[in-house]
Amino acid sequence: GEGVELVYAVARKTLFEGDAAWRGVRRDGVAAILRRVDDYGTYVPRPAAEGDRTLKQIIQYLVLRDGDRIFLMKRTRAGGDARLHDRYTIGVGGHLNPGDGSALDGLRREWREELEAAFTPSFEFVGLLNDDTVDVGMHHLGLVYVADSAGRPVGVREKHKLSG
């Protein structure tokens, strides 16, 4: 392989800076948290990050709409993270990797990697997603975006890992 995947992560205590971690999507007061993501984030080997509860990995999380319908995917057992096997998700996206530049650039890369579509929509940032009550959520902080396919067809590229 190409070696170990590096993922962008921030120390939990730095990220939340004394605030209690919230559960769900937060829309207010996110500017300060995003600033800490930029200022204190660093790339760490993914296997180490997945086992380290003092870190929060930053992921881009896209909710794709088509009017009032939402694109739903089911993860298969071929995916890398066993905790997600057979789970449903409305989030397209993933970890921020070196070379992505910004979260938005990372999201555009994930769009190309995960989906088959003849277009790239405009992505609108809506808030931060956190859920420390589940194992996957404990290790990740989601930057939530929304986009509208506006009737244009979208399909899953990695059909062995996902159905959509």
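Q: Where is Asp-131 placed?
A: In this predicted model, Asp-131 is in the loop between E10 and helix H5 (135-138); helices (H or I, at least four residues) and strands (E, at least two) are DSSP runs, numbered from the N terminus. Residues are numbered from 1 along each chain as its sequence is written, local features need pLDDT of at least 70, side-chain atom pairs count only at pLDDT 80 or more, and totals for chains, interfaces and linings use all residues. Side-chain values use heavy atoms, leaving out hydrogens and water.

Q: And what does the side chain of Asp-131 make a polar contact with?
A: Its partner is the side chain of Arg-23, at 3.1 Å. A polar contact is a pair of N or O atoms within 3.5 Å; within protein, one must be able to donate a hydrogen and the other to accept it, and residues adjacent in sequence count only if both atoms are side-chain atoms.

Q: Turning to H2, which residues are buried?
A: In helix H2 (residues 30-40), these are Val-30, Ile-33, Arg-36 and Val-37. Buried means under 20% relative accessible area, exposed over 50%, and partly exposed in between (1.4 Å probe, protein chains only).

Q: Why do they line one face of the helix?
A: Seen down the axis of H2, the buried residues fall within an arc of 120 degrees, so they line one face; the arc is that of the directions from the helix axis to the C-beta atoms.

Q: What does the face turned away carry?
A: That face of H2 carries the exposed residues Asp-38 and Asp-39.
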